[in-house]
Amino acid sequence: ARKRGDDIRTLVRGCYLQCPFIAGGYPNTGRYPSQAEFDGYLLGAADLAAYGMAYTEEGKAEDARSSLAWPSKTIAEDLKGFPTSIVRVDECDPLRDEGCEFYRSLLDAGVSARLHITGGATHAAFMYPGMDDMAAEAYDELKAFVLRTTPPGP
């Protein structure tokens, strides 16, 4: 939408980020301690590097620096007017610190945002068998958020 010149603020009224994968340039050299601390807990540095290729065109350096592909590259001005957001991260996820940093960036830009850290959980643990309570909590939070941020229909 941004590339077409649309004002995203008129198109999106809420943003729910679940285990956000938003930094790019993997592996990150110390910027995100959780990446090293939980490397191999369902995701590793090699996985993140491979998945990152899906967001950028191989060999295009500008894609690797693009805030459209990698929201961690944004500056406060980029986030002004960003829709109200929930950032949900898992405590034992290599991506945790990316999400926490983005949450702080949203607040710095004056965006209404909330951070939810699921204690003891690995990456997207709510999706795994036996995690019914965790899944119910995540889905209830998402449903309430969508209902709060979606205008009534015609």
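Q: What does Glu137 count as, buried or partly exposed?
A: Partly exposed, because its relative accessibility is 38%. Buried means under 20% relative accessible area and exposed means over 50%, with partly exposed in between (1.4 Å probe, protein chains only).

Q: What should I know about the model and the numbering?
A: This is a predicted model, in which local features need pLDDT of at least 70, side-chain atom pairs count only at pLDDT 80 or more, and totals for chains, interfaces and linings use all residues. Residues are numbered from 1 along each chain as its sequence is written, and side-chain values use heavy atoms, with hydrogens and water left out.

Q: OK, where does Glu137 sit?
A: In helix 7, residues 132-149. Helices (H or I, at least four residues) and strands (E, at least two) are DSSP runs, numbered from the N terminus.

Q: And which residues does Glu137 touch, leaving aside neighbours within four places in sequence?
A: Arg88 and His116. Contact here means heavy atoms within 4.5 Å.

Q: Let's do helix 7 itself. How many residues, and how far does it reach?
A: Helix 7 has 18 residues and runs 25 Å from first C-alpha to last, close to the 26 Å expected at 1.5 Å a residue. That expected span is 1.5 Å times one less than the number of residues.

Q: Which of its residues are buried?
A: Met134, Ala135, Ala138, Glu141, Phe145 and Thr149 are the buried residues of helix 7. They cover an arc of only 135° around the axis, which puts them on the same side of helix 7. The arc is that of the directions from the helix axis to the C-beta atoms.

Q: What covers that buried side?
A: The cover includes strand 1, strand 2 (84-90) and strand 3 (113-118). On the face turned away from the buried side, helix 7 carries the exposed residues Asp132, Asp133, Asp140, Lys143 and Leu147.

Q: What about Arg114 and Glu141?
A: They form a salt bridge too, with the closest N and O atoms 3.5 Å apart. Arg114 lies in strand 3, so this pair ties together parts that are 27 residues apart in sequence. Salt bridges that share partners join Arg88, Arg114, Glu137 and Glu141 into one network.

Q: How many salt bridges does the structure hold?
A: 6. One of them pairs Glu101 with Arg31, the closest N and O atoms being 2.9 Å apart.

Q: Switching to rings: how many aromatic pairs?
A: The count is 4. Rings of Phe, Tyr and Trp (its six-membered ring) pair if their centres lie within 6.5 Å; planes under 30 degrees apart count as stacked, over 60 as edge-to-face and the rest as tilted. Among them, Tyr16 and Phe145 are tilted, 6.1 Å centre to centre with 45° between the planes. Tyr16 is in strand 1 (residues 14-18) and Phe145 in helix 7, so the pair ties together parts 129 residues apart in sequence.

Technical notes: Salt bridge = Lys/Arg side-chain N within 4 Å of Asp/Glu carboxyl O.
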